[in-house]
Amino acid sequence: MMRIRYLLVEDNQDHADLIRAAFEKVPEPTLLAHVHDGEAAMAILRPPAIAHPRPDVVLLDINLPRMNGFQLLRAIKADQSLRRTPVVMLTTSRASRDVREAYESGANGYVCKPNGYSELCRMVGTLTDYWSRVNVNPY
Amino acid sequence: MVIRPIRLIFGLLIIFFSGTIAVPGQVGRAPPSPAAPALRMLRLVYTDYPPFTFQAPDGQPTGFSMEIAQQVAKHRGIALSYRRVDSIEAAIAAITSGAADLHPALAQTPDRAQALAFTAPIAQSFTTLHVAVTDSARFRNRNLAGATIGFVSKSATEPQVRAIPGAVVVEFPNNAALVAALAARQIDLALCGEDVFAYTLNQLGLPNRYTQIGDPLRRLDLSIALAKGQSPLVAELNVAIHDVLIQETYSNIYKKWFGPPPPFWTAQRIVLASAVFLVSVIIVSGFLIFRQRESARQLVLAQTRDNERLALEQAEQLAKSNAELAQKNAELETLVRVVSHDLRSPMVTVRGFAEMLDEALTSGNLAVATDASRRILRSTARLGEITDDLIDISRIERSELDITEVDLAGLLESVRHMLESQLAQAGARLILAGDVSSFRADARKTMRVVLNLVSNAIKYGCPEPGMTIEVSAAQFHLTDGRSITRICVADHGPGIDAAMHRDIFGVFVRAGPGPHSGSGLGLAIVEKIAQRHGGRAWVESSPGRGAAFYVEFLDTGLADTLGDHAA
């Protein structure tokens, strides 16, 4: 079975560690790369795809230093070679204007960070299950 | 005007090193001479805008900003050549085309910022409506309809004066003509900088029988202007400006140009005034008798008018409070949105790791349990910090200012004591610079400002041991007796990208990622306190060159007179 490669863009180390722990609980094999900000994410996404496999799904926080999540999302969706990479917002914000802005900027999903760890594990399971069915890796 | 010996020596040096004769307006960059170290030469272009820059009768360039610019250049070992042009447009064109390097005193406006780079402000001018004291009652409610307002054409306040409803606007070629017209009662009001107005009255030998109406329409920051793309030079000049501002030099030059005028009441004038007074008494008495009959009729008319005006004023007042209320609501909405987001973040951590802790305890994995409980403790501490700071922010807005004399050295000693462990951990040193030892402000709030700024400087500005944080204060005096205290906290750290300079004062914005703790409200608190003192807060920094945070306090209880700061 093919591993799904996730790229997590998250500046809060505690949250990143929680998400990583949740990923380890999922039965399907996954790979999780973690960066702290948008510029580092772009550095991973931009280089020639042949050299190293790109992430299959990007998990993106909104509140990031310098380039915020929406800006990174728009940059990904404006890039001819990156726009097919699914981006799922993973954020604490439940504000409807953030949800609207995310979808208007081209997000493929919007997930509020759940309140509990077990809920997070379930959410990661669902996400992985979903993307393993729909994601057609173009590379 | 006397030719300053320093300038003479510079001139001689230039002639000696470059082998050419320095002719104002034609001097290029001194060609690098292999024998001697290159003496830097910058070409200064200026316009006649007394008292900031102008040509003295002896042909020498002079003025307040000119002298400051000369001090700044001297500080960096830069020689200046001078060229005078007729208009601001010509000066800007000279700089953008490369025919000149700098203008010593241009007001920063958004248009100009597109073509020019500006240094830190070296002078500030509050443009205000001036009126004869005898006329001031007419405009007390700021109803300027039908008033004749004069201003200097093409000055930066033109859009504001044109926007005053119902006013008749008259243009004047310069400030002297404007002030003379006001003195001759050709206009009701004159719009110009406070300092400029006082200086021009003084120059024209006119007594100051004028007062101001309302808040300043605009605050102009006068800076040295250079061509776009001169960032290293701008940064270098900013360092020199900073040094000149905190030295005695700045105060001395300021006093020279804007200090109090010589006493007006000489013996001769007293005799003359008494004679005029006697004659006026006779005329006025005659007039009053005539007037008395007229006044009974006028009284009825005036009362009707007063009632109408009162109703209008009340309607205006209501509209104003409504607008204020709407703004407060909008502010509150943003705060609630941001707060709920930032409070939820540590909550997610606490909930997640609490569950993990539970799981780890059941399975007996003590290492995971210890790690989880540590993270929970850290997150709850952060939640506490955020709540405390939020309470502080709302307190700053509501509480009265308790203005006392603040001793800067003592304050810094307390800050050093409170941040002792952080300073030791970062291996950073805290230094008191500048020569202002005390100023008037709310002591507790000032302490909070310095504490927050120094704590930030330790966190973000001291990445390696042995670095220093400098705290200094400077004072500027306004002509109306008020003064501004500017506190600066500077570090030599990695600096802050220009795009972030405004954002970092917002709530929950941090300059960088990583291990830094804090509520994200520190600078928002600093700015709120500055605004409560009628001042402002800002940062000057570029990546790799450290960061200098400035906070200004206005020294009076007149916290509400400054109004618009977005000059």
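Reply: Let us begin with the naming: helices are DSSP runs of H or I with at least four residues, strands are runs of E with at least two, and both are numbered from the N terminus. Keep in mind throughout that this is a predicted model. As a case, B:Arg185 lies in the loop between helix H6 (175-183) and strand S9 (189-193) of chain B, and B:Arg185 has a positive phi of about 60° although it is not a glycine.

Me: Which peptide bond is cis?

Reply: The bond leading from B:Pro50 to B:Pro51 is cis, with omega near 5°, and B:Pro51 belongs to the loop that runs between strand S1 (40-46) and strand S2 (54-55) of chain B.

Me: How should I read the area buried between chain A and chain B?

Reply: The size of an interface is often given as the accessible area lost when the parts come together. Here the area buried between chain A and chain B is about 1,900 Å², and carbon and sulfur atoms give 52% of it. On the side of chain A, the residues that lose the most area to chain B are A:Asp14, A:Thr92 and A:Tyr117, which together account for 27% of what that side buries. Counted by residues, 25 of chain A are in contact with 19 of chain B.

Me: How many salt bridges and polar contacts are there between chain A and chain B?

Reply: Side chains of opposite charge can pair when their charged atoms come close. In another, B:Arg378 meets A:Asp14, with the closest N and O atoms 3.1 Å apart. As for polar contacts, 10 residue pairs between chain A and chain B are counted, both residues being at pLDDT 80 or more.

Me: Which helix gives the most to the side of chain A that touches chain B?

Reply: That is H1(A), with six residues; H1, helix H4 (96-104) and helix H5 (117-134) of chain A each supply at least two. By class, this side of chain A has six nonpolar, 10 polar and nine charged residues.

Me: At what angle do helix H1 of chain A and helix H11 of chain B pack?

Reply: Helix H1 (residues 13-24) of chain A and helix H11 (residues 366-398) of chain B pack at about 145°, their axes being 12 Å apart, and the crossing is left-handed. H1(A) makes this contact through A:Gln13, A:Asp14 and A:Asp17, and H11(B) through B:Arg375, B:Arg378 and B:Ser379. These residues divide into no nonpolar, two polar and four charged.

Terms used
Residues are numbered from 1 along each chain as its sequence is written. Chains are lettered from A and ligands numbered from 1 in the order in which they are written. This is a predicted model: local features need pLDDT of at least 70, side-chain atom pairs count only at pLDDT 80 or more; totals for chains, interfaces and linings use all residues. Side-chain values use heavy atoms; hydrogens and water are left out. Axes are lines fitted to C-alpha atoms, for helices over the stretch in contact, and angles run from 0 to 180 degrees between N-to-C directions. A crossing is left-handed if the near helix is turned anticlockwise from the far one by less than a right angle, and right-handed if clockwise. Contact means heavy atoms within 4.5 Å. Ala, Val, Leu, Ile, Met, Phe, Trp, Tyr, Cys and Pro count as nonpolar, Asp, Glu, Lys and Arg as charged, and the others, Gly among them, as polar. Buried area is the accessible area (1.4 Å probe) that two parts lose on being put together, summed over both. A salt bridge is a side-chain nitrogen of Lys or Arg within 4 Å of a carboxyl oxygen of Asp or Glu. A polar contact is a pair of N or O atoms within 3.5 Å; within protein, one must be able to donate a hydrogen and the other to accept it, and residues adjacent in sequence count only if both atoms are side-chain atoms.
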